[in-house]
Amino acid sequence: MRTGLHPGAWIAWASGAGMVAFVTTDPVYLLLLWALAWFVYATHRVPGPEARSFRLFLLAALITLGLRTGLVLLGTVNPSNVAFAFLEGLRLATILVVFGTFNAVTDPFGVVRLAPRRFHEPALAAALALSIAPRTVASVANVREAQRLRGIHVSPLRSLPALAVPVLEAGMEQAVTLAESMDARGHGRGRRSRYRAQSWSRPAAAIAASALTAAVVFLSASFGGWAVLHPPTSPLAWPETEPILLGAIALLALPGFVRGGQG
Amino acid sequence: MGARLRSFALVASVVLATIGAPAATGGAAACADEGPHAALVVGNGARIVKLCVTLDAAEVSGLRLIELAAAQHGLSYGFGLGGAAVCRLDGVGPGGDDCFAEYPDFWGYWHGDGREGWAWAGTGAASYRIGDGDVEGWTWGAGDTGATHPKPPATDVGGVCVAPEPSASPSQTQSPKPNPKPEPTPKPSQPSSPPSASSSASPSTTPVAGETRDPSASPKADKGTATEEPSPSAAISPSPSPSGAVLAVGPPSGGSGGAPVGLLVAIVLGVALTVGGWLRLRGRSKVAT
């Protein structure tokens with residue numbers, strides 16, 4: 001059971017940081033987001049399997065960056081194009097890192113639990129979507145192991161039909177079980193009660209407010225055009241750094257200075 | 001184990017969502033004419049020219065749009081910095097390869113935001129893709145950001161690319177043109193053109209004919225899709241002064257003195273956060289073991 005900050009604060013932080021990453025390709029701001037995501041992760045990571053998701057997302061981010069930059073090989077290769085592709089990839093990768101941090105410091109299922117009653121069905125669908133793919137992959141491993149234990153050695157390609165039926169069946173069964181258990185716990189019912197409902201602590205509210213401020217500042221720069229968010233790549237030039245935007249990004253590091261355990 | 005696989009599914013969904021998102025944007029009002037069109041607005045400091053450019057592909061680059069405008073409307077231009085930047089447009093700007101020769105004045109690059117407004121371009125005209133219904137703007141002046149550089153006038157692609165009326169054939173009609181405004185000295189020999197929304201709405205005394213550009217430039221008269229409005233500072237003649245300086249895209253490098261300081265602060269902040277996170281992780285694992 002986690003006793004960290006309110007999941008809503010993390011939702012606000014992740015959407016704020018994600019929004020910032022979405023509107024800029026400036027490597028200064030993006031790399032700062034990497035640094036502060038790492039800082040926030042280091043402060044709030046919970047020992048256990050969930051913390052691993054940060055590493056996983058980091059890996060995915062690096063692969064994304066490599067793939068996006070590699071796509072330039074399909075066209076004209078010159079410094080401008082490579083830089084442009086790299087910055088676009090860096091933006092995608094930053095969003096992944098932010099999401100990985102979010103995943104490592106809070107429980108996605110706890111977030112789904114926050115959904116208001118009237119959104120019961122979307123929340124249920126989201127919970128199923130979040131769980132069915134990993135569960136299917138897990139049951140593939142289970143069935144594989146069971147086959148091996150029984151001495152069935154077939155090539156991975158040939159074993160596909162033998163694998164598909166039990167895996168699909170198991171996935172479906174688990175989804176139904178999850179839906180039933182959510183229903184049994186009162187999701188979608190009028191008298192749903194929350195066991196040890198988390199309250200909004202002052203640090204959580206401050207984190208949410210600062211994250212939203214950062215997002216608003218960057219959005220206003222994006223729509224108002226009062227700062228350069230996309231450094232010119234043709235011709236190549238050093239990115240400019242706007243002090244106001246630097247301050248806005250620094251706001252996103254706030255969770256790193258708040259200890260969640262007591263909250 | 002479960003959590004790890006779960007995260008993997010999350011990665012996949014986020015990657016798909018982010019890749020799909022940019023594709024959903026774009027798509028403004030299309031010209032009524034056949035084929036893809038884009039509007040090009042050029043303000044050289046003395047006057048503003050609005051051109052409807054027919055695209056020769058579904059998507060063209062910002063530089064290609066200028067070439068097409070030159071071919072279709074006689075817009076004069078010059079590229080520099082190895083052909084990647086716009087040095088010279090409509091008679092203004094340095095003639096050489098150095099588009100920054102006249103800095104702080106340069107050619108600022110704008111994208112229409114689809115609501116008649118403008119957004120400062122963040123990427124070069126060589127790599128930006130323009131599709132049907134897009135609006136592009138270039139303005140000559142000083143200012144390194146969209147906040148300080150002169151903005152083009154509010155422009156809607158529908159006001160520049162007007163559908164040709166079937167009855168009014170373009171240039172050869174000698175009948176007086178259907179302009180609601182009384183003209184002091186109507187020239188009978190002047191070719192008339194279908195009224196364009198932008199020109200008839202503006203208090204311009206400029207005739208709405210095809211293109212009334214610099215007489216010495218001998219532009220090709222076009223289908224009446226090009227309109228010109230005198231800018232507020234119309235007193236200046238659009239003579240190409242050799243003192244004009246230019247830039248194609250974005251601010252010149254190293255332009256503002258505050259940038260290195262900001263960069264330094266950013267680096268210090270980033271290093272501090274990284275080291276801080278590392279120390280925290282180390283402290284934690286010591287506690288755990």
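Modeller: A residue is buried if 20 or more other C-beta atoms lie within 10 Å of its own, exposed if 12 or fewer, and partly exposed in between, with C-beta atoms placed from the backbone. This is a predicted model, in which local features need pLDDT of at least 70, side-chain atom pairs count only at pLDDT 80 or more, and totals for chains, interfaces and linings use all residues. Residues are numbered from 1 along each chain as its sequence is written, while chains are lettered from A and ligands numbered from 1 in the order in which they are written.

Biologist: How much of chain A counts as buried?

Modeller: Of its 263 residues, 44% are in that class.

Biologist: And what secondary structure does chain A have?

Modeller: Chain A has 9 helices and 0 strands. Helices (H or I, at least four residues) and strands (E, at least two) are DSSP runs, numbered from the N terminus.

Biologist: Where is Trp34(A)?

Modeller: Trp34(A) belongs to helix H2 of chain A, residues 27–44.

Biologist: Is Trp34(A) buried or exposed, and why?

Modeller: Trp34(A) counts as buried because 21 C-beta neighbours lie inside 10 Å.

Biologist: Which residues is Trp34(A) in contact with, leaving aside neighbours within four places in sequence?

Modeller: Those are Thr94(A) and Val97(A); contact requires that the C-beta atoms of two residues, placed from the backbone, lie within 7 Å. The C-alpha atoms of Trp34(A) and Leu96(A) are 9.9 Å apart, with the two residues 62 apart along the chain.

Biologist: Which strands does E6(B) pair with?

Modeller: E6(B) pairs in the antiparallel sense with E9(B), residues 135–141, over 6 bridges, and also in the antiparallel sense with E7(B), residues 118–120, over 3 bridges. Pairing requires that DSSP finds at least two bridges between two strands. Gly108(B) stands opposite Thr139(B) in E9(B), and Gly112(B) stands opposite Trp118(B) in E7(B).

Biologist: What lies between E6(B) and E7(B)?

Modeller: The two strands form a hairpin with 5 residues between them, and Gly114(B) in the turn has a positive phi of about 85 degrees.

Biologist: What about helix H2 of chain B; which residues are buried there?

Modeller: Among them are Leu63(B), Ile66(B) and His73(B). H2(B) is followed by Gly74(B), with a positive phi near 75 degrees.
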